[in-house]
Amino acid sequence: RLAPWRTDETPAAALAAYEAGDIDITAPPAAEFARIEDDPELAPDVFRGNNLGIEYYAFDLKDPNGPFARSVSLRRAFHEAVDKDAALQVAFGGVGTVADSVVPPGMPGYQDEVFIEYDVKQAQADFAAGLEELGLASAADLHLQIGYNTGSTHEGRVEFLQQQWNDAFGVSVEPVGMEFGTYLDRLSSD
């Protein structure tokens with residue numbers, strides 16, 4: 001009964017199994033952190049510790065005619081428009097540490113300077129430059145998707161990103177949720 005959860009089980013299902021006494025340890029979904037810490041039965045069981053990991057969303061650069069492959073300015077703009085500190089609070093339940101580089105804090109090779117800073121005004125300028133590079137008149141001319149694994153806790157994170165980009169640029173990004181195997185297949189396809 002020590003297995004955190006089966007690979008085919010969602011974090012929510014694992015938490016339900018923990019609360020039912022079917023397993024002894026799990027990592028709950030971020031949306032449940034506050035409820036668990038406020039629950040007098042569950043709060044004493046909470047253990048906080050660090051692990052080395054990073055979550056990121058990448059641009060599709062495989063299609064040479066795709067907007068992100070054709071415009072560095074557009075890639076920079078989308079990165080600059082995301083408030084990672086707010087993301088940590090809203091989408092990760094306040095648990096974690098913002099990593100400003102690909103190598104997370106605490107891991108060999110980590111550099112503490114910020115890779116690309118959160119700056120909405122600069123993001124908007126870079127977005128406008130990206131549209132110009134692409135020969136597009138407005139954000140409405142971009143047809144973008146964000147793919148993600150539905151078997152985890154990515155829905156809230158994707159919603160946060162969509163809102164950040166919509167607020168900064170007025171752009172709509174379509175969420176495309178996939179089962180993890182399908183998601184991996186799509187990442188590796190041409």
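Me: In which helix is Glu80 found?
Reply: This is a predicted model, in which local features need pLDDT of at least 70, side-chain atom pairs count only at pLDDT 80 or more, and totals for chains, interfaces and linings use all residues. Residues are numbered from 1 along each chain as its sequence is written, and side-chain values use heavy atoms, leaving out hydrogens and water. Helices (H or I, at least four residues) and strands (E, at least two) are DSSP runs numbered from the N terminus. Glu80 belongs to residues 72-80, which form helix H4.

Me: Is Glu80 buried or exposed?
Reply: Buried means under 20% relative accessible area, exposed over 50%, and partly exposed in between (1.4 Å probe, protein chains only). Glu80 has a relative accessibility of 4%, so Glu80 counts as buried.

Me: Which residues is Glu80 in contact with, leaving aside its neighbours within four places in sequence?
Reply: Contact means heavy atoms within 4.5 Å. With those neighbours left aside, the contacts of Glu80 are Ile116, Glu117, Tyr118, Asp119, Val120, Gln122, Ala123 and Asp126.

Me: With which side chain does Glu80 meet in a salt bridge?
Reply: A salt bridge is a side-chain nitrogen of Lys or Arg within 4 Å of a carboxyl oxygen of Asp or Glu. The N to O distance is 4.0 Å, and the partner is Arg76.

Me: How many aromatic pairs does a search of the whole structure find?
Reply: Rings of Phe, Tyr and Trp (its six-membered ring) pair if their centres lie within 6.5 Å; planes under 30 degrees apart count as stacked, over 60 as edge-to-face and the rest as tilted. The search finds 6.

Me: Is the pair of Phe127 and Phe169 stacked or tilted?
Reply: A pair of aromatic rings is described by the distance of the centres and the angle of the planes. Both Phe127 and Phe169 are buried. Their ring centres are 4.2 Å apart and their planes are at 10°, so the pair is stacked.

Me: How many residues apart in sequence are the parts tied together by Phe78 and Phe169?
Reply: Phe78 and Phe169 form a tilted pair, 5.3 Å centre to centre, with 40° between the planes. Phe78 lies in helix H4 and Phe169 in helix H7 (residues 154-169), so the parts that the pair ties together are apart in sequence by 91 residues.

Me: Within what arc do the buried residues of H7 fall?
Reply: The buried residues of H7 include His154, Val158, Leu161, Trp165 and Phe169. The arc is that of the directions from the helix axis to the C-beta atoms. Seen down the axis, the buried residues line one face of H7, because they fall within an arc of 155°.

Me: Which exposed residues does the face of H7 turned away from its buried side carry?
Reply: The buried residues of H7 are covered by elements including H4, helix H5 (84-91) and H6. On the face turned away from that buried side, the exposed residues are Glu159 and Asp167.
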